[in-house]
Amino acid sequence: MRLYPGYVLRTNHKTPIFEVIEDTSKSVDMIMPACNKWRYLVDYGIENHRNCIDNVEEVLERYELNHENFGNPLNIFQKTSISSDLKLEQLPCDSKAGDNLLLECKMDVIGAVSACPMDVNAIAGSKITDIMIQILEK
Ligand SMILES: [Zn+2]
């Protein structure tokens, strides 16, 4: 999926939460749920692998929030699609270093971000990379 300027992301109650100002990421996925410990254990036989749910819960713990309090993630720099034979495809994203997604908050937000630690399939280019988050004041 590709977001575009003016696209409004909404909460589960349809309240505008973010407006897209710029998207050069070329790959934003809203199909795949965040990875969790069961994803690595069931699909790859790996125990105790770092995962996005644990990463986000560690940050949100101070607000007494956990993954039950938020929906599926906005997977920036992740490319998931449905193939012509209706299979879910996780593909290397088309983004390159320096690409970004600029969002304007439309309400107060408690945000948590995980640089997905997926290193066993192609979705993150089979390697973990850093991401940079900037919060700008208007
Ligand atoms: Zn992840």
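**A zinc site and an aromatic pair**

Tyr7 is partly exposed, as its relative accessible area is 23% (buried is under 20%, exposed over 50% and partly exposed in between, with a 1.4 Å probe and protein chains only). The model is predicted, so local features need pLDDT of at least 70 and side-chain atom pairs pLDDT 80 or more, while totals for chains, interfaces and linings use all residues. Residues are numbered from 1 along each chain as its sequence is written, and side-chain values use heavy atoms, without hydrogens and water.

The structure holds one aromatic pair. Tyr7 forms this pair with Tyr4, edge-to-face, with 5.3 Å centre to centre and 75° between the planes (ring centres of Phe, Tyr or the six-membered ring of Trp lie within 6.5 Å; planes under 30 degrees apart are stacked, over 60 edge-to-face, the rest tilted). Tyr4 has 47% relative accessibility and therefore also counts as partly exposed.

Two helices and seven strands make up the elements of the chain, and from the N terminus their order is β-β-β-α-α-β-β-β-β (DSSP runs: H or I of at least four residues, E of at least two).

Which residues coordinate the zinc ion? The SG atoms of Cys35, Cys52 and Cys116 do, at 2.2 to 2.3 Å (donors are N, O and S atoms within 2.8 Å of the metal, or 3.2 Å for Na, K and Ca; water is not among the atoms, so a site may look incomplete). Cys35, in the loop between strand 3 (28-29) and helix 1 (37-44), and Cys116, in the segment after strand 7 (101-105), lie 81 residues apart and link distant parts of the chain. Cys35 counts as buried because its relative accessibility is 8%, whereas Cys116, at 23%, counts as partly exposed.

Of the 138 residues in the chain, 25% are buried. The C-alpha trace spans about 45 × 40 × 30 Å along its principal axes.
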